There are 2 protein chains.
Amino acid sequence: MHRVKVRVVEDALDANNTIARANRADFDAHGVTVINLMSSPGAGKTTLLERALGGLSVRAGVLEGDVQGSLDADRLAHLHIPVVQLNTDGGFGGECHLDANMVRSALPALALDDIDLLVVENVGNLVCPAEFRIGEDVRVMVSSVTEGEDKPLKYPLMFRTCDLVLVNKLDLMPHLEVDLERFLHNLDAVHPDVERMLVSARTGEGIDAWRTWLSELVAARSGAAV
Amino acid sequence: MHRVKVRVVEDALDANNTIARANRADFDAHGVTVINLMSSPGAGKTTLLERALGGLSVRAGVLEGDVQGSLDADRLAHLHIPVVQLNTDGGFGGECHLDANMVRSALPALALDDIDLLVVENVGNLVCPAEFRIGEDVRVMVSSVTEGEDKPLKYPLMFRTCDLVLVNKLDLMPHLEVDLERFLHNLDAVHPDVERMLVSARTGEGIDAWRTWLSELVAARSGAAV
């Protein structure tokens with residue numbers, strides 16, 4: 001049974017990569033830079049987006065992935081940018097990740113001509129989202145300091161396949177028994193020298209840097225000046 | 001393709017339930033009460049176990065589920081109780097949950113005659129672990145207040161299928177913009193009147209109640225006095 005299961009999974013990943021390439025071609029045709037944003041539940045993805053997208057100089061849109069509901073999409077409504085909600089609870093008990101086909105199914109609802117940057121907020125989960133490419137340019141993950149120093153070692157694929165780690169909730173450090181240096185050491189152990197930013201969505205620390213990073217990413221992809 | 005996928009998943013769940021019943025029969029034959037302990041990554045499962053199992057009056061064992069590594073099992077070593085590590089990174093990029101067959105594969109390593117209580121610490125994830133029964137008596141989940149008020153609404157199956165919710169990291173409440181009443185309201189919306197305990201693994205608040213709950217659970221299952 002295990003053998004059969006693995007083969008099904010491999011077929012699914014092949015199909016996923018084919019569809020991810022189709023998504024990529026569509027994004028390229030419209031000049032849209034795409035970020036796959038991932039984290040544990042409650043690490044602060046939506047709040048960090050809210051903070052950065054307000055006042056961002058490029059035209060952004062968001063695809064919100066959730067098992068159920070539209071709470072995060074509703075939270076972004078005040079930004080007056082295109083936000084599309086994608087729920088994964090169709091079959092089964094709810095998919096724990098977005099795959100390329102789910103993202104593809106949402107493309108008709110996205111006016112790609114009207115945006116330069118698409119942020120896809122994945123389902124909160126440190127395992128499966130890392131296994132499915134969706135046609136993104138880069139992967140950004142949020143890791144909250146409240147989750148402890150050991151997370152890179154316990155969920156290595158996620159930390160290894162991302163291009164930027166936002167270390168969030170830095171304002172809580174004085175109240176935690178967490179060793180930030182050890183977290184960064186563990187991060188380097190699974191992904192040496194991966195870019196990281198220490199941020200606090202609550203106090204605003206590091207948010208300017210995160211917003212600049214987004215602008216520069218779009219500028220670099222489009223070949224234009226910032 | 002979606003149709004095929006759903007059928008495969010249903011078959012997998014059928015097979016899972018068959019094996020879960022076999023696990024259950026083995027646990028019953030040895031008089032072992034089994035808890036499936038679930039949460040997001042970093043919500044505090046291991047620390048809450050460490051606190052409760054030290055000084056517990058019944059004989060406990062732990063099955064540690066992780067994608068990779070044995071960090072949590074190592075943390076429990078000082079309790080001098082049986083601890084078995086189960087890693088899910090065999091095929092694929094790592095399974096995001098434990099299923100009945102994985103638990104079954106660990107049973108030979110567990111001396112069921114020597115324990116009254118087995119706690120299975122699942123992979124940190126609020127989606128898929130809720131979909132797979134492993135032969136447990138009860139499901140306990142840990143929800144950290146740092147994750148925000150909205151988690152029951154976003155991950156309803158997990159909150160709906162558990163028997164006890166440990167609301168952890170209560171010591172951080174003064175430093176968070178989180179409304180505890182709203183969290184509890186959302187919890188009742190998806191699982192009315194589910195038992196809940198407000199705890200802090202760090203300060204020890206609520207740990208006695210959690211330890212008593214464990215003892216009484218074992219006593220009730222075995223028909224003995226506490």
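**Entry 1: a helix on the sheet**

I began with helix H7 (residues 180-190) of chain B, which lies across S5, S6 and S7 of chain B and runs at about 160 degrees to S7(B). I noted that helices (H or I, at least four residues) and strands (E, at least two) are DSSP runs, numbered from the N terminus. Axes are lines fitted to C-alpha atoms, for helices over the stretch in contact, and angles run from 0 to 180 degrees between N-to-C directions.

I recorded that this is a predicted model, in which local features need pLDDT of at least 70 and side-chain atom pairs count only at pLDDT 80 or more, while totals for chains, interfaces and linings use all residues. Residues are numbered from 1 along each chain as its sequence is written, chains are lettered from A and ligands numbered from 1 in the order in which they are written, and side-chain values use heavy atoms, with hydrogens and water left out.

**Entry 2: the sheet of chain B**

I then traced the open sheet of chain B, whose seven strands have the order S3-S2-S4-S1-S5-S6-S7 with parallel pairing. Strands S3 (83-87) and S7 (195-198) of chain B stand at the edges with a single partner strand each, so one side of each has no neighbour in the sheet. On average, neighbouring strands of this sheet are turned by 20 degrees against each other, direction ignored. Two strands pair if DSSP finds at least two bridges between them. Between S1 (residues 33-39) and S5 (residues 138-144) of chain B I found five bridges in the parallel sense. B:Ile35 has B:Val138 in S5(B) as its bridge partner.

**Entry 3: helix H2 of chain B**

I looked up how far H2(B) is covered: seven of its nine residues are buried (under 20% relative accessible area; exposed is over 50%, partly exposed in between; 1.4 Å probe, protein chains only). Among the buried residues of H2(B) are B:Leu48, B:Leu49 and B:Leu53. After H2(B) comes B:Gly55, with a positive phi near 90 degrees.

I next compared H2(B) with helix H8 (residues 207-222) of chain B; their axes come within 9 Å and cross at roughly 75 degrees. H2(B) is therefore roughly perpendicular to H8(B), a term for angles of 65 to 115 degrees. The contact (heavy atoms within 4.5 Å) is made by B:Leu48, B:Arg51, B:Ala52 and B:Leu53 of H2(B) and by B:Ile207, B:Trp210, B:Arg211 and B:Leu214 of H8(B). By class, this contact has six nonpolar, no polar and two charged residues. Ala, Val, Leu, Ile, Met, Phe, Trp, Tyr, Cys and Pro count as nonpolar, Asp, Glu, Lys and Arg as charged, and the others, Gly among them, as polar.

**Entry 4: one residue**

I selected B:Ser143, which lies in strand S5 of chain B. B:Ser143 is buried, with a relative accessible area of 1%. Apart from neighbours within four places in sequence, the contacts of B:Ser143 include B:Phe159, B:Val167 and B:Phe183.

**Entry 5: strand S6 of chain A**

I turned to strand S6 (residues 164-168) of chain A, where five of the five residues are buried, so the strand is largely enclosed by the rest of the structure. A:Leu164, A:Leu166 and A:Asn168 point one way from S6(A), and A:Val165 and A:Val167 the other way. S6(A) pairs with strand S5 (residues 138-144) of chain A in the parallel sense over five bridges, and A:Val142 stands opposite A:Leu166. Four bridges join S6(A) to strand S7 (residues 195-198) of chain A, also in parallel. In S7(A), A:Met197 is the bridge partner of A:Leu166.

Terms used:
Angles under 35 degrees count as roughly parallel, over 145 as roughly antiparallel, 65 to 115 as roughly perpendicular and the rest as oblique.
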